[in-house]
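Let's take a walk through this model together, starting with its open spaces and then moving on to its surface and its charged pairs.

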Amino acid sequence: MKVEFDIQLHTLDMYRYNLYHAYTTASGYLAVVLSMLIFAVAARRWEEAELSQTVLYVALGVVFLLYVPVTLYARSKQQVHSNPVLKNILHYTIDDKGVTTSQGELSSTLAWEQVYRIVATRHNILVCSNPRNAFIIPREQVVQEYDVIRKIAQAHLEKYRFKMKESK
């Protein structure tokens, strides 16, 4: 079985990957919990503390909640626009050998044994080569190919490395 397709990565696709990665790690959970704790302290001390302290707590909570998404968006935009590989169209071939990406004369294959895991989120298919790096395939650009990608990946990956639901 084999499937081929082209994708054009956009800032929003990279941003969604970066958000997914940031908020599915311990540091992402910690940032959310910390901001919730700050809001809880602000609410609890509402009557006792001075208005300036309460405003400071709320502002600190907002900063913790908004800092990560805002900086991730800026980083995503910079990554997509400054990297010539990400800026141009990528050709993918997924077959029994693995996942091959090519652009012009350059080509690289990630064998199935080297795939850390494959995850389908609501907006992207992430072919992870390690816990930090992944090929990002926007689902809206591979609607027709999704089921074939899923079948090929399922045939080559152990269940714990395969997280793709059937398309609706």
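This is a predicted model: local features need pLDDT of at least 70, side-chain atom pairs count only at pLDDT 80 or more; totals for chains, interfaces and linings use all residues.

A pocket here is an open set of grid points where a 1.4 Å probe fits, with protein on both sides within 12 Å along at least five of seven lines.

Now turn to the largest pocket, with its volume of about 500 Å³. Its lining counts 23 residues, and Val85, Leu86, Leu90, Ala134 and Phe135 are the closest to the centre. Several elements each give two or more residues to this lining: helix 1 (11-23) and helix 4 (84-87), together with strand 2 (90-94), strand 3 (98-103), strand 4 (106-111) and strand 7 (134-138). By class, twelve residues in the lining of the largest pocket are nonpolar, ten are polar and one is charged.

Helix 4 also holds Pro84. Pro84 counts as exposed because its relative accessibility is 52%, and the cut-off for exposed is over 50%. From Pro84 you can look across to Val58: the two sit 26 residues apart along the chain, and their C-alpha atoms are separated by 41 Å.

Together with Val62, Leu66 and Val70, Val58 makes a nonpolar surface patch of about 310 Å². Val70 belongs to helix 3, which covers residues 51-82. Is Val70 buried or exposed? Its relative accessibility is 55%, so Val70 counts as exposed.

Gln78 is another residue of helix 3. With a relative accessibility of 48%, Gln78 counts as partly exposed, because that class lies between the 20% and 50% cut-offs. Between the C-alpha atoms of Gln78 and Glu50 there are 41 Å, and the two residues are 28 apart along the chain.

A contrast comes with Arg122, in the loop between strand 5 (117-120) and strand 6 (124-128). Arg122 has a relative accessibility of 71%, so this residue counts as exposed. Along the chain, Arg122 and Arg16 are 106 residues apart, while their C-alpha atoms are separated by 9.7 Å.

Let's finish with the charged pairs. Side chains of opposite charge can pair when their charged atoms come close. How many salt bridges does a search of the whole structure find? The search finds two. One of these joins Glu4 to Lys2, with 3.4 Å between the closest N and O atoms. Glu4 counts as partly exposed because its relative accessibility is 41%, whereas Lys2, at 52%, counts as exposed.

Glu158 and Arg161 also form a salt bridge, and there the closest N and O atoms are 2.6 Å apart. Glu158 has a relative accessibility of 39% and so counts as partly exposed. Arg161, at 11%, counts as buried, because buried means under 20%.

Notes:
Residues are numbered from 1 along each chain as its sequence is written. Side-chain values use heavy atoms; hydrogens and water are left out. On a 1 Å grid over the protein atoms alone, a cavity is a set of points where a 1.4 Å probe fits but cannot get out, and a pocket is an open set with protein on both sides within 12 Å along at least five of seven lines; lining residues have an atom within 4 Å of a point. Grid points are joined across faces, edges and corners, and a volume is the space filled by probe spheres set on the points. Helices (H or I, at least four residues) and strands (E, at least two) are DSSP runs, numbered from the N terminus. Ala, Val, Leu, Ile, Met, Phe, Trp, Tyr, Cys and Pro count as nonpolar, Asp, Glu, Lys and Arg as charged, and the others, Gly among them, as polar. Patches are made of residues with over 30% relative accessible area and no salt bridge: like charges are joined within 9 Å, nonpolar side chains (Val, Leu, Ile, Met, Phe, Trp, Tyr) within 5 Å. Accessible areas come from the Shrake-Rupley method with a 1.4 Å probe; for residues, only the protein chains shown count as cover. A salt bridge is a side-chain nitrogen of Lys or Arg within 4 Å of a carboxyl oxygen of Asp or Glu. Buried means under 20% relative accessible area, exposed over 50%, partly exposed in between (1.4 Å probe, protein chains only).
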